[in-house]
Amino acid sequence: MNISGLRKKFLIFIILAVTITLALVSLKFVEPTVRQYLLNIFSSSDEHLGITAVNLFDNLIPILKILLWMILIVAFVRLLNAVISTTLLSSSQYEVSNLLQNVISIVIFIVAFFILLQTQYSTAYEKLAPVFTGSTIIAVVIGLALQDTLGNLFAGLAMQADQPFQVGDVISIPNKGIGVVENISWRGVKIRTFQNKLIIISNSVLGKEAIEVAPRENLNARTVFFNTLYANSPSQTIQVVREVVRQVENVSHKIRPVVRVRNLGDNGIDWEVKYWIEDYTKHNDTDALIRQRIWYAFQREKIEFAYPTRTIHVETKKQDEVFVETDNESVELLSNVDVFAPLSDKETRKLAEASRFRVFAPGEPIVRRGQPGNSMFVIYRGSVNVQIKEDGRTKIIRNLREGDFFGEMGLFTGEPRTATVEAEAETEVLEINNFCLKPIIEDNPELVESFSRIIEERRKSLAEQENESKSEQDMNGGGVFDSIRKFFGLKG
Ligand code: CMP
């Protein structure tokens, strides 16, 4: 209720109060006159009738007074409730519970009952009062009868003080159900389930349960599960699902959804996507929409859900499709690398035969600085960062992309890896092993020259990045050229 509504209620109450007070006061003055008048009229015919009429009048007067007082008390209680709900509403965003109003109303009505009884029927009150106050048996009987009610009332009061949930929150009670809190009263809580049914739980029962609350004003998280075949790249799945989930209505943009591998299961990779929801009351619809969108995205991106029976069939086939290791592809890739240009088709094919495709996750190291290495890598897809450590922190010195190569320093000189090379995105590389290299470089001395030039340049840039000076011999190229020839045991 707003302030103007409250003002109107207040005005009505004042008018009512003035009218009833006037009626009660005038009743006091009119009472003896009316009594005398009745006595005169009815006694004229029969004296007995006059007394009966007066008695009847005397009995009616307190009833009338009680009625007038009751109207006034009810109006007062309603005004008080309006004041409470208006003040509580303005102090918080939540719809106020009517528990407090109920308790206050009951107390006022009980007190009013005793006062009216005492004033209007003093003799009856004197007889009744000891019964109410003195009788232990009655106290026990009332106590037992009200046991549940009082239990609910006190549990309700405790809940009101604690406010574990509000109207509009979603709560889940074990073995009872889940739903939106619709009403909190002195007796219990009404919950509207997602099947549009009502669950009414008494406060005393609720007080004993462990309740899960998803507050309305809170960013609540949800988890949706799905699975994919082992053949599908985890990194791609993460990207696709995250993007899809972000676009679903009711998914909060304040926190990025988390897509992660839950388990490497029997049938495929088990995934979970955790997202934060704006309106928790619609979580079932949002979960369903997310599952639906994931299905469509998987169709577009050729990602497949894992089926227990199919996985066995599909897995080997898909494996081949995703990370294809055909000779042709390796030959094609190697032919496009400038440094291998002098090689004949036969030599390139030989080199390709000694190579294999390998895939790395984003952030995964492919080679580590200081470790021995006897292979080099050509990037087939993705990108890598060449990095060193400086003052304990990682420093990226180069970013290499599709068609670039790395690891040649270790391969050609036999020295430990000079830097750590880490996949930036999901990256597939062609790893060339050293065992086929000797005859190839024996027949192609220009290959040694090109590689020693590249190694020199990279060493120089590495040294600059590390603020180190390299020996003159290393800088002029002769050092690397000779050490490559020595390493491969080349004559001449
Ligand atoms: P290797 O020493 O075998 O392992 C680390 C690799 O990082 C190295 O071979 C080079 O291929 C690469 N690398 C080192 N320094 C540089 C640089 N300055 N620019 C490009 N690549 C580099």
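**Entry 1: Asp287 and Arg222**

I looked up Asp287 and found a salt bridge to Arg222, with the closest N and O atoms 2.5 Å apart. I count a salt bridge when a side-chain nitrogen of Lys or Arg is within 4 Å of a carboxyl oxygen of Asp or Glu. The pair joins distant parts of the chain: Asp287 sits in helix H9 (residues 283–301) and Arg222 in strand S6 (residues 220–228), 65 residues apart. I take helices (H or I, at least four residues) and strands (E, at least two) as DSSP runs, numbered from the N terminus. Buried or exposed? I find both Asp287 and Arg222 buried. My cut-offs are under 20% relative accessible area for buried, over 50% for exposed, and partly exposed in between (1.4 Å probe, protein chains only).

I note that this is a predicted model, where local features need pLDDT of at least 70, side-chain atom pairs count only at pLDDT 80 or more, and totals for chains, interfaces and linings use all residues. Residues are numbered from 1 along each chain as its sequence is written, and side-chain values use heavy atoms, with hydrogens and water left out.

**Entry 2: other salt bridges**

How many salt bridges does a search of the whole structure find? I get 17.

Glu431 and Arg358 meet in one, at 2.7 Å from N to O. Glu431 is in strand S16 (residues 427–433) and Arg358 in strand S9 (residues 355–360), 73 residues apart. Glu431 counts as buried because its relative accessibility is 8%. Arg358, at 28%, counts as partly exposed.

Glu408 pairs with Arg458 in another salt bridge, the closest N and O atoms being 3.0 Å apart. Glu408 lies in helix H13 (residues 408–413) and Arg458 in helix H15 (residues 445–466), so the pair ties together parts 50 residues apart in sequence. Glu408 is buried at 2% relative accessible area. Arg458 is partly exposed at 22%.

I also logged a network of salt bridges linking Glu31, Arg35, Asp58 and Lys65.

**Entry 3: the cavity**

I searched the whole structure and found 1 cavity of 30 Å³ or more. By cavity I mean a set of points on a 1 Å grid over the protein atoms alone where a 1.4 Å probe fits but cannot get out; lining residues have an atom within 4 Å of a point. The largest cavity has a volume of about 50 Å³, the space filled by probe spheres set on the points.

Its lining includes Gly168, Val170, Arg216, Asn220 and Tyr280. By class, I read 4 nonpolar, 3 polar and 3 charged residues.

Where does the largest cavity lie? Domain 2 (164–214) and domain 3 (220–301) both give residues to the lining, so the cavity lies between them.

Note on methods. 1 Å grid on protein atoms, 1.4 Å probe; cavity = no way out; pocket = protein on both sides within 12 Å on 5 of 7 lines; lining within 4 Å. Nonpolar A, V, L, I, M, F, W, Y, C, P; charged D, E, K, R; others polar. Domains from an automatic or database assignment.
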